[in-house]
Every structure is written in structure tokens, then in C-alpha cells.
Amino acid sequence: MKNLLYLIGLWAIICTGAPAAMASSHREAPLISTDPLADNTDVYAFKSPVNKENIVLIANYIPFEHPAGGPNWYSFGENIRYEIHVDNNAGTPGADVIYRFTFKKMNEDPSTFFLIRLGKENLKTTYTCERSTDGGHSFSTIVSNGIVPPPNIGPRSIKSTPVGLGSEYNTLVDKAIMTASTGEKIFAGPVDDPFFVDLGGIFDLGNVRKSGARDGVAKFNCHSIVIEVPVSTLQKSHKTVAEASNILDPDYVIGVYASSSRRKITTLYGGGDVGYDGDWVQVSRLGMPLTNEAVIPIGMKDKWNATSPANDLQFAKYFTNPELALYMDDSQFGGAVPGLAALRIQSKSLGSFDFRNGKMGLYGLKGNPALDGTALSEAAFGSVLLPDATSPRAVDILPIFYTGVPNLPPYQLATGKAGNPLAAGKPFIHNFLPTLGDWLRLNMAVPATPRNDPKFSSLGLVQAAALGLTDPAYNGNKDLQWIPNMDGFPNGRRLEDDVSTIELQAVGGVVLAAIGLWYDDFVPGTSTTPVTPNLVNVLSFNAGVTKNDTTLKGNFPYLQNPWPGFRGPGYEGPAPGGMEPLAVTIENFDCLTGGFMFGHTGGIPGNPVEYSAAGVVNGVWGTSVSRMVESELFKDANSSGVLWLKARYVGDPSSEVTMKFDFRAYCGSKTLRQGAPEAEESSTSLKAVVMGNPSTTDEVVIEIRGAAGKAVRLDLANSKGQVIGQQNIGKAVANERRVVKLNSQPGIYYLRVMTADDRYTVKILRR
């Protein structure tokens, strides 16, 4: 028997006498901060911006992953269950749909200390995804041996051949996108951490910086699980969006939270062996952002982490009288926190209603017939929303976090209320799921706001409310209509949503103002507009950092690739003295010859720069700026038109920067001297017709003509000319129809149809 050194019931202390649930975000709770592999950082749930019938669920783990955190790089943990829970029915206890992920690792070359060497990968991670649709009573496997991309270590490990994997990192990400047997699209792997917040300012006693704010998670990575799933899979009656009664259909509300679980007992043996035994214990959970960071006090964080959402009402007092509100009240500590000076909670809204901590709020109306027909009546939810005379924020902060908001008075925009906040107004939200616990709630019937819409805003529902109150396109009547950003936080959470600003504005009373409980400087009968200086102060307030430090992808998995370790976490920041970072450019591209000029912007003045690019004549590193695309690449219609242009300070690999340039897209097929034709015509009648080109889906229908009675082969190639799919037809009919599956990524594909004596190629555009 091995020498037993320690027997540790790692989580047993937490679980004794309390439900086994841990919650976390970015290291905000003492116990889970010691177990980063199991630590939730963020949860997102939003309408797919490219498919109105899909929902995107994202659960991120492992906070503050330094990109150069080797040699023991970050990864999902073994012996951990990572789960995403979805509740679609308040009448059933707990989650109705659960996705469970478990990970395993293997070493392909244990003789080296490098993670990647000679095309082999150590700690190579794969996963199994199981799904339950009966509340966790049974699970079925929907993905086995799912691929997790390796960490983005650097160019030799990832791109080089034969010393590394010989691949662009984007290609590794594409290969890791799995399609489940039940239709979901799934990705699990390292990504840029999309969260943004000035941690150094806010947690310095509310020192919100208007200038000089710094994103505390900029250039850090995390590990993400991304699922794109049809609405009909999550809707309680399996209905599609097309079947919804309207854009606020109450039957389409879901709640989402993510968790991780470990075995109850960890045993440390000699020789580095570890044993895991006992029941699974949930050690982390996260639904609404910043709950445990900025609402639950430090003395209760671990208890909150040890509680399941079903038992969250014991913490309701922290929502009905949130601590942050004390710093937005000059009669308390508001004067001591100048960073929040723009946020001052209503103390005499409409001359009567005081929403500061410990005050009555709307409780004085309890039992008044004026509440009949509203959510505040005792026949509705008055007992929860108006519990006593000292819980003023039970009417707004509590429902945002614990129940969602119903499409009932007074929770409608002041538009059309004629000054009476209890009257019916303009509907703008219904994500009501009264489970009385911390879930991120989303109404799946609400259309997504296009990311290129000029009215798209990271302020989510706050901006939707502002538009509904002030924009002539929406404030002319109190009828239900789609307003941009109705799909934003706290109706779900998009990757772009500035949740820190939104939640601070909400504590500052902006939701109360939106429904007609205006700020103190509005005087009924005197003020000409409710858009008073106090309201303007709140709407113009931000938490210092308002967007992520890098871009997002327009398509699945939406998150950006992880920052590479080779360049370090700050390589894209400004150079000393406020200079712009080095960037490579291309100038004067000649669409007739393929000649072009390298250039660069930014960087250290006087430092010489050299350039290189694959697929370019004399493409090795050199200071010459005049180059030309290789003739074979330029003339080959089926080759990629993409060049990866590189620049760096002479002899300094650590300064290398890259730029992607698609010369075919730049020039257009008609202007290229040897450009690709739309199709290779032949002297015979062989032809292929695409039913729907360009395509907005992963599949297209192809009709093959002129091949009756012949054997046919179909080769599908990507824009680089790499064959990514094949089909063989033994004996084609006169008008043979076949379904061809494209990759999920947008771009150009080439389908080549071949018989023994002929061929035909057609170009397909996937949007």
C-alpha cells in the first residue's frame, strides 16, 4: 500500500450544514481563489447575431491567465465537472437542461519539458460533453473526444514546421469547433478574456477613474466553453422563435448559470499521486455578473458560494439595501467616494418617494387600490417586491437579480404614462422567471441588435430605455415595438455589454427613472422634461473602461483568440511616451502584376524595420519594401489570396507584428489579370448549380447536370485550396442533388465536380 501522507476533505468543511455550491468570478471569493481551474469568471447568454433561431451560451473559467504562463500552461482541469445550467420553467425545481463537460489530458512526447515539440503536443486536452434534458436525472453523451486547442505559446510552437505544429492558430480553432450529435455547435479552449473593468480603481474604495482608467484583465486569457444551440432546444415546449406570440413572449424566458464541481475528498499519496473520492460537490457557480464581487459582503462570500440558487433568498437583504447605494447617498458616505458623485439615488422622487437604504421606497403604497393590476399588488408579487418599510430596492434591484422583470406596470417605460408611474407604459422587457435566485435571465424571442447597427450600445437595456424615452422613432406611442438593445444586459448578457457601468447606474436608480420615478431635480408640474441634469449625469456616467481591449469575432465562437505568450501580455500597448505600437501596412498593390510596397506605422522613431511574407518573391526578412506575389500563387485560381505580412525591428523577433491581406478580395476577381473565374467551363455539358449562393448557413444544395449515368466525385476546398470535404456518387441521375456541408467560418469555398472525362468548378460564398 502506498504511503498515505494526507487525507484532505477539501470541500467538506464548506459543505457541512449548507448546500454544496461555490460561486465565483475573478478571484472575488476567498476559498475559490485558491482553486483557479474550477473558478468561474463570467457567464454570457445572448441571441446569436447571425441566426435568429439560435442562442449562444458562454461559460468562462480560470481568471488572469498570463499568456506567457509556461512551462506549466493553463488548461481545463481533470477531475472537475464543468456545467452550464438552463432553467426554462419556473414550475420545475432547478435547471431543466444541463450541459456537462469533463476533460482529460495525454502526453504525446513525455521526454521533453516543452509543451509542443516536433509536431507533438503534451498535456493534449480532449473532452466529453453530456446533456441532460430532465433536470440532471440522466445524461447522454453528445460529443466525445472533443478537441481543445493548445495554448497560443508562440510562432515556433504553433506555426513552424517541423519544430512546431505547422499551423496558423485560427486553423487550430476551426478544427476545435465541434457539432454535437444533437445539433449544438460547441467550442472549448483558451481565449482572450472578454471581460473589461478598472479593477485597480473600483476596488480602491470606489476610486472610479474618468481618465487613466486601466482594464485590469487586459491582455489576459481565460478558458471558455461556448455553445450555440437552437432556441427550440431550450424553449420549454420546443417552439421556435417563429412561433412566438410577440418579441416579449413570456414562454421564451430562460435562466442560465454555470458551475464547476469536484470530488468531495482529495487524497495526496507519495510520488505525486493524487486520489479523488466521494460525491461530486459543486465548488463554483456564476449567473449574474458581479453578484459576489460587488453585492455580497466579504464576510458572507464563502457562504454565498456554498449555497445553491434555490436558497438565495437568505441573501435578499443585500439586494434590497445594497452596500453600493451607501456611496451614492450624501446622507451616508456619498461625499467620501467622489468617483460615484454622478450617481445620486432618488430621495424625493415625484416629491414623495425615497429609495435610499433603509427608507420606504414605494412601501407607503402597499394595499392602495392604485396598485391593482400592477406587479406590486398583493394579488401579484407585492409580498416580494414590497416586503417591509425598510427595503426600498426590493422594487428594482431585487427583481433584476432574483426574478427577472415582468411586462407589467410599473415595469414599463414612462413613455405613454402621462406622469403616472403606475400606469401602463411602453413595454421594453419581459424576462420574468420567478425562481427567486441568481440566474442570468434572457427572453429568447427578443431579436438581436445587429453589431453594425448605429444604435447598438454596450449599455444594453439602459440604452434601450433611453431610446424608448427620447428617440422619435420609439417614443411616439406606448405600443410594443422592437427597440435596439432590448437584447442587452440585464436581458441576457452580450460580450460587448458594459455590465460594470450598467449595474452601477442601476444601483444609482436609473431603472426607477426609466419607469417614471424621476430624479429629485424633476419637479412635477414645473419641469418641462424628465431628462434633468441628474438623469443626464447618470446616463453619461461610466465605470472607466467601456470596452474590451481587443476585437470580437463576428461568427462562432465569437471570442477572440488567446493572446500569444511569445510577445508577452503588453505588447500591443502604447510605447513609452505615448507612441503608437508598431504596425505593418501594405501600399500600392498592383492588381495586374501582384507587386506592392511594404510600410509601417508607429513604433520607435529611428529603429530600422524589416519585413517578410510567405508567398512573396524574396519573402525572407529584409529591409526592402518593394515585393511581388509569387507568380504561381497569383495566377492559380484555386489558391488562397491571403498574405500574412510581417514586420519587426531588425533582428528583434520579439517585436514581430502581422497583418492579414486578401489580395483577391482587395482587387476583385474581374480586375485580376490571372484571377479566378467563377467556374471552370468545359466543352461538354457538365455543370453544377448552387441553390442559394451566397449562403448564410453551413449547408448548401448542389444540383449536378450533364453527368447522368457517370461516377462523380465532389471535392470541396477552402480559399487556400485545401480540400476539406469529399463525396463520391456511384452513378448520377440526370439532375443529381446533393447536400454539401461547408465550414462554419464565412469566406469563399470552391466545389470541384469531376467525372472520368470532365470537370467543373463553382465558387461558393459563405456569409
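So, which helices are among what covers the buried residues of H11? Keep that one in mind for a second. One caveat before I go on: this is a predicted model.

The buried ones are Gly460, Leu461 and Val462, then Ala464, Ala465, Ala466, Leu467 and Gly468. And back to my question: the cover includes helix H12 (499-507), helix H13 (510-514) and helix H14 (533-540).

Now, the loop from H11 to H12. Pro490 sits in there, and the peptide bond joining Phe489 and Pro490 is cis, with omega about 5°. There's another cis bond to look at, from Gly70 to Pro71, with omega near 5°. Pro71 is in the loop between strand S3 (54-65) and strand S4 (80-87). As background, most peptide bonds are trans, and most residues other than glycine have a negative phi.

Leu123 has a positive one, near 50°, and it isn't a glycine. You'll find Leu123 in the loop between strand S7 (120-121) and strand S8 (124-132). Asn588 also has a positive phi, near 55°, and this residue lies in the loop between strand S16 (583-587) and strand S17 (595-601).

Are these two buried or exposed? Leu123 has 33% relative accessibility, so it counts as partly exposed. Asn588 is at 62%, and therefore counts as exposed.

Note on methods: Residues are numbered from 1 along each chain as its sequence is written. This is a predicted model: local features need pLDDT of at least 70, side-chain atom pairs count only at pLDDT 80 or more; totals for chains, interfaces and linings use all residues. Side-chain values use heavy atoms; hydrogens and water are left out. Buried means under 20% relative accessible area, exposed over 50%, partly exposed in between (1.4 Å probe, protein chains only). Helices (H or I, at least four residues) and strands (E, at least two) are DSSP runs, numbered from the N terminus. Contact means heavy atoms within 4.5 Å.
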